[in-house]
Amino acid sequence: MKIGNKTFKNHTYIMGILNVTPDSFSDGGKYADIDKAMRHADQMIKEGADVIDIGGESTRPEYQQTGYQQISDDEEIERICPVIEKIKNTFDIPVSADTYKSAVALSAIKSGADLINDIWGLKYDDKMAHIISSYKKSVCIMHNRKNTSYNSFIDDVISELRESIDTAVSSGIDKDLIMIDPGVGFAKSYEQNLIITNELEKLHILKTPILLGTSRKSMIGLSLDLPVEERLEGTLATTVFAVLKNCLFVRVHDIKENKRIITMSEKLLGKL
């Protein structure tokens with residue numbers, strides 16, 4: 001898969017999370033200042049991040065929506081675009097914009113974003129796919145929906161991801177620029193989050209690279225009965241699963257530790 005000027009294949013890479021929001025469930029407010037955001041980006045790159053994913057609106061999963069309020073396009077643009085531009089001007093690393101709004105995506109792309117990470121899988125905003133296609137950018141399509149009423153859980157997830165992939169391709173997005181995310185924590189019960197993580201290999205039927213995003217999420221907190229700040233080990237366990245299931249990316253907060261466990265896992269599997 002291509003993201004910006006880099007090609008990713010045959011390895012599990014790290015997408016580092018950079019939330020420039022005051023209310024992220026995990027690290028809200030810590031990097032909302034551009035200088036703090038830049039220092040954190042620098043740290044993540046030094047620790048082994050391969051892509052930086054910048055988010056300006058808290059897109060907390062359904063189990064954490066208390067107090068959540070959608071922000072305007074303009075506010076989201078003001079939060080992320082200066083950071084995107086400065087990172088692209090400072091570092092040689094692909095940058096992802098975590099947004100589901102086409103106006104924000106357009107501004108992010110003009111600021112230098114190489115990939116749009118859409119938590120609604122191109123289904124929220126019907127202009128999104130066209131914008132990504134027009135600028136020949138990469139896209140991460142996440143599985144999401146407005147209800148949790150599944151007929152056959154895994155089959156439905158695959159079918160709905162296929163719909164999003166078809167939308168992308170029919171809009172002119174090259175298949176080599178698409179990856180998918182099973183959407184752990186979004187429109188899924190605790191048990192369903194465990195199932196989709198355990199059965200990631202079934203998504204390879206879509207012939208599209210997979211990104212796994214479980215870092216510090218409630219699935220881990222519920223499994224271990226731990227608060228957000230103590231979910232590193234649980235996250236690392238899911239990263240091992242990502243390696244075993246041949247995921248192309250993990251999207252994580254803690255770069256150094258995830259990098260080490262990927263390297264060790266791939267050494268054991270003879271991938272390195």
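This is a predicted model: local features need pLDDT of at least 70, side-chain atom pairs count only at pLDDT 80 or more; totals for chains, interfaces and linings use all residues.

Student: What makes aspartate 225 buried or exposed?

Tutor: Its relative accessible area is 68%, and the cut-off for exposed is over 50%, so aspartate 225 is exposed. Aspartate 225 lies in the loop between α7 and α8 (232-244). It has a positive phi of about 55° although it is not a glycine.

Student: What is the phi of leucine 122, and is this residue buried or exposed?

Tutor: Phi of leucine 122 is near 70°, again a positive value in a residue other than glycine. The relative accessible area of leucine 122 is 7%; buried means under 20%, so the residue is buried. Leucine 122 is found in the loop between β6 (115-118) and α4 (128-134).

Student: Which partners does the side chain of lysine 101 reach?

Tutor: It reaches the backbone oxygen of isoleucine 71 at 2.9 Å. It also makes a polar contact with the side chain of glutamate 76, at 2.9 Å. A polar contact requires a pair of N or O atoms within 3.5 Å, so a distance of 2.9 Å meets the limit. Leaving aside residues up to four places away in sequence, lysine 101 touches several others, including Glu57, Ser72, Asp125 and Met128.

Student: How do you know whether arginine 251 is buried or exposed?

Tutor: The relative accessible area of arginine 251 is 15%, which is under 20%, so arginine 251 is buried. Its place is in strand β10 (residues 249-252). A polar contact of 2.8 Å joins the side chains of arginine 251 and aspartate 53. Among the residues that arginine 251 touches are Met15, Ile17, Asn117 and Ser215.

Student: What is known of serine 215: is it buried or exposed?

Tutor: With a relative accessibility of 3%, against a limit of under 20%, serine 215 counts as buried. Serine 215 is placed in the loop between β9 (211-212) and α7 (218-224). Its side chain is joined to that of histidine 253 by a polar contact of 2.7 Å.

Student: Let us turn to a helix. How does the span of α1 compare with what is expected?

Tutor: Helix α1 covers residues 34-47, which is 14 residues. From its first C-alpha to its last it reaches 20 Å, close to the 20 Å expected at 1.5 Å a residue.

Student: Which residues of α1 are buried, and why are they said to share a side?

Tutor: Ala37, Met38, His40, Ala41 and Met44 are buried. They cover an arc of only 165° around the axis, which puts them on the same side of α1. An α-helix has 3.6 residues a turn, so residues three or four places apart point the same way. On the other side of α1, Arg39 and Lys46 are exposed. The buried residues of α1 pack against β3 (13-19), β4 (51-55), α2 (73-90) and α9 (255-268).

Student: What is found at the start of α1 and just after it?

Tutor: At the start, a side-chain oxygen of aspartate 33 comes within 2.9 Å of the backbone nitrogen of aspartate 35. Just after α1, glycine 48 takes a positive phi of about 120°.

Student: Finally, what makes the radius of gyration of the protein agree with that of a compact globule?

Tutor: For 272 residues, a compact globule would have a radius of gyration near 19 Å; the protein has 17 Å, which agrees. Its secondary structure comes to 9 helices and 10 strands. Of the 272 residues, 57% count as buried.

Technical notes: Residues are numbered from 1 along each chain as its sequence is written. Side-chain values use heavy atoms; hydrogens and water are left out. Helices (H or I, at least four residues) and strands (E, at least two) are DSSP runs, numbered from the N terminus. The expected span of a helix is 1.5 Å times one less than its number of residues. Buried means under 20% relative accessible area, exposed over 50%, partly exposed in between (1.4 Å probe, protein chains only). The arc is that of the directions from the helix axis to the C-beta atoms. Contact means heavy atoms within 4.5 Å. A polar contact is a pair of N or O atoms within 3.5 Å; within protein, one must be able to donate a hydrogen and the other to accept it, and residues adjacent in sequence count only if both atoms are side-chain atoms. The radius of gyration is taken over C-alpha atoms; the globule rule is 2.2 Å times the number of residues to the power 0.38.
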